[in-house]
Amino acid sequence: CEEGAAMGRSRAMPRLTTFGEAMIRYVPDPDTSRPVAGKFATRWLQSGGGAELNLTIALCNLGWGDRARWISVVPNTQMGDIILRLASEAYSTGGQENLKLVKRVEGELG
C-alpha cells in the first residue's frame, strides 16, 4: 500500500554502535622465500582484531558505511597508532567516520 511505502521511506536507516577493546595479533611471517635465521621467527605480521571492531568493519564493508561505529579507548602511544592504522585500512571507507568516537588517552594497551 502507498501509506506503508511512504512510511518505509521516512524511516531512518539502521545504525549499530559497538563498545569494546581491540587487540593486535602477531603471527610469524609465512613467507618462506626468505630464510629465517635460527629456529624462531624474526619477521612478524600484524593484524588488528576484537569482536566489536570486526563486526563494524564487516558491516561497513557490506554497505553500511559510517552507520556502523566502534567506540573504544585507545592509548596515545605507538601501539594505539598501530590499532587505528590497521582498523582504518580494514574499513572500505577508510574508517574516518567509523572511528571518530575512539578516545585517545595516556596509558598502556591491554
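How many aromatic pairs does the structure hold? The structure, which is a predicted model, holds zero aromatic pairs.

## Overall fold

The secondary structure of this predicted chain comes to three helices and six strands, and their order along the sequence follows the pattern α-β-β-β-α-β-β-α-β. Of the 110 residues in the chain, 30% are buried. Among contacts between residues at least 6 apart in sequence, 69% join residues that are at least 24 apart.

## Surface and ring contacts

The accessible surface of the chain comes to about 7,500 Å², and carbon and sulfur atoms account for 56% of this area. On that surface, Y26, W44, M79 and L109 form a nonpolar patch with about 360 Å² of accessible area together. One of these residues, M79, belongs to helix α3, which spans residues 78-90, and M79 is partly exposed because its relative accessible area is 31%.

I57 is located in helix α2, which covers residues 51-64, and I57 counts as buried because its relative accessible area is 12%, with the limit for buried residues set at under 20%. Not counting residues up to four places away in sequence, I57 touches A87, A90 and Y91. The C-alpha atoms of I57 and S92 are separated by 7.9 Å, although the two residues are 35 residues apart along the chain.

## Salt bridges

Side chains of opposite charge can pair when their charged atoms come close, and a search of the whole structure finds four salt bridges. In one of them, R69 pairs with E97, the closest N and O atoms being 3.4 Å apart. R69 lies in strand β4 (residues 68-71) and E97 in the loop between α3 and β6 (103-105), so this pair ties together parts that are 28 residues apart in sequence. R69 is buried, at 16% relative accessible area, whereas E97 is partly exposed, at 34%.

K100 counts as partly exposed, with 48% relative accessibility.

Another salt bridge is formed by R104 and D81, with the closest N and O atoms 2.8 Å apart. This pair links distant parts of the chain, with R104 in strand β6 and D81 in helix α3, 23 residues apart. R104 is partly exposed, with a relative accessible area of 29%, and D81 is partly exposed at 43% relative accessibility.

How values were computed. Residues numbered from 1 in each chain as written. Predicted model: local features only at pLDDT ≥ 70, side-chain atom pairs only at ≥ 80, totals over all residues. Heavy atoms only, no water. Phe/Tyr/Trp six-rings, centres within 6.5 Å; stacked < 30°, edge-to-face > 60°. Patch = residues over 30% accessible without salt bridge, like charges linked within 9 Å, V, L, I, M, F, W, Y side chains within 5 Å. Areas by Shrake-Rupley, 256 points an atom, 1.4 Å probe, with all protein chains shown as cover. Salt bridge = Lys/Arg side-chain N within 4 Å of Asp/Glu carboxyl O. Helix = DSSP H or I, 4+ residues; strand = E, 2+ residues; numbered from the N terminus. Buried < 20%, exposed > 50% of the residue type's maximum accessible area, 1.4 Å probe, protein only. Contact = heavy atoms within 4.5 Å.
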